[in-house]
Amino acid sequence: MSESLPPYELRRATTEDLALVIDLAVEVVLHSASPFRSVPAQDIQRYRRDDLQGLYQAVQDDNFRAFVAVSGDEFLGHVLVHCGHRDSATGVGQAWIYDLSVNPRYWSAGVGQALMRAAEEFAASKGMRAIGL
């Protein structure tokens with residue numbers, strides 16, 4: 001069960017936020033790891049951390065956004081979205097969600113929904129008609 005949600009701010013991530021984004025993504029990645037993969041947990045987390053180092057360059061791309069939810073010094077979650085892709089079945093322009101992570105203490109409290117709304121609004125502002133996961 002989620003904790004009571006404190007008042008929070010949802011905003012575009014800054015470069016200073018990226019270490020927190022990476023730490024949370026590494027922390028929660030094991031919750032979404034397939035049980036059919038026989039990869040040790042520490043390898044999954046190491047790969048995730050290494051893979052997300054590319055965020056420092058991605059935030060310079062006008063078609064990419066990282067949005068964060070923060071309450072004071074507490075990091076509640078983030079979403080990473082990139083626009084400009086084409087759906088492989090329809091050719092429709094779409095955005096792609098690369099990661100959505102929420103602090104487990106706030107699962108089911110609406111943080112993920114708020115982050116997705118920010119991603120959807122950004123995608124729409126870029127002319128995207130769909131979002132893939």
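How many aromatic pairs does a search of the whole structure find?

## The aromatic pair

The search finds 1 aromatic pair. This is a predicted model, where local features need pLDDT of at least 70, side-chain atom pairs count only at pLDDT 80 or more, and totals for chains, interfaces and linings use all residues. Residues are numbered from 1 along each chain as its sequence is written, and side-chain values use heavy atoms, without hydrogens and water.

The ring centres of F67 and F122 are 6.3 Å apart and the planes stand at 65°, so the pair is edge-to-face. (Rings of Phe, Tyr and Trp, its six-membered ring, pair with centres within 6.5 Å; planes under 30 degrees apart are stacked, over 60 edge-to-face, the rest tilted.) F67 sits in strand β2 (residues 64–71) and F122 in helix α4 (residues 111–125), so the pair ties together parts 55 residues apart in sequence. Helices (H or I, at least four residues) and strands (E, at least two) are DSSP runs, numbered from the N terminus. Both F67 and F122 are buried, meaning under 20% relative accessible area; exposed is over 50%, partly exposed in between (1.4 Å probe, protein chains only).

## V26 in helix α1

V26 belongs to helix α1. Its relative accessibility is 8%, so V26 counts as buried. Beyond neighbours within four places in sequence, V26 contacts Q45, R48 and R49. Contact means heavy atoms within 4.5 Å.
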